[in-house]
Amino acid sequence: MGGGNAQKSKMAREKNLEKAKAAGKGSQLEANKKAMNIQCKVCMQTFICTTSEVKCREHAEAKHPKADLFACFPHLKK
């Protein structure tokens with residue numbers, strides 16, 4: 001015969017564990033952390049690599065009005 005409740009529960013746990021492992025592969029969190037490579041030199045806040053100059057300027061004006069834009073983001077001098 002076979003197929004008791006304990007066996008069904010065990011199979012369900014194994015199936016759910018496999019689903020959880022497969023779902024973890026699609027996470028973007030680690031990739032997003034690695035892409036945070038623009039950093040304000042005044043407050044050390046990080047921004048994603050695709051951040052535009054406009055967003056950097058907005059941050060500098062809002063958070064550091066007395067500091068120069070290039071003091072916050074020296075990579076913009078180029």
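**Fold and local features of the predicted chain**

The unreviewed UniProt entry places the feature "domain: At2g23090-like zinc-binding" at residues 39–76; such annotations may be inferred rather than shown by experiment, and feature names are shortened, with positions given in the numbering used here. The structure is a predicted model in which local features need pLDDT of at least 70 and side-chain atom pairs count only at pLDDT 80 or more, whereas totals for chains, interfaces and linings use all residues. Residues are numbered from 1 along each chain as its sequence is written, and side-chain values use heavy atoms, with hydrogens and water left out.

The chain contains four helices and two strands (DSSP runs numbered from the N terminus: H or I of at least four residues for helices, E of at least two for strands). From the N terminus on, these elements follow the order α-α-β-β-α-α. The radius of gyration of the chain, 24 Å, is well over the 12 Å that the globule rule gives for 78 residues, so the chain is more spread out than a compact globule; the radius is taken over C-alpha atoms, and the rule is 2.2 Å times the number of residues to the power 0.38. The C-alpha trace spans about 80 × 20 × 15 Å along its principal axes. Of the 78 residues, 17% count as buried, that is, under 20% relative accessible area, with exposed meaning over 50% and partly exposed in between (1.4 Å probe, protein chains only). Contacts (heavy atoms within 4.5 Å) between residues at least 6 apart in sequence include 28% that join residues at least 24 apart.

His59 is located in helix α3 (residues 53–63) and counts as buried, at 7% relative accessibility. Leaving aside residues up to four places away in sequence, His59 touches Cys40, Cys43, Gln45, Phe47, His64 and Phe73. The C-alpha atoms of His59 and Leu69 are 9.0 Å apart in space, the two residues being ten apart in sequence.

Met44 occupies the loop between β1 (38–39) and β2 (46–47). Phi of this residue is near 65 degrees, a positive value in a residue other than glycine. Most residues other than glycine have a negative phi. Met44 is partly exposed, with a relative accessible area of 48%.
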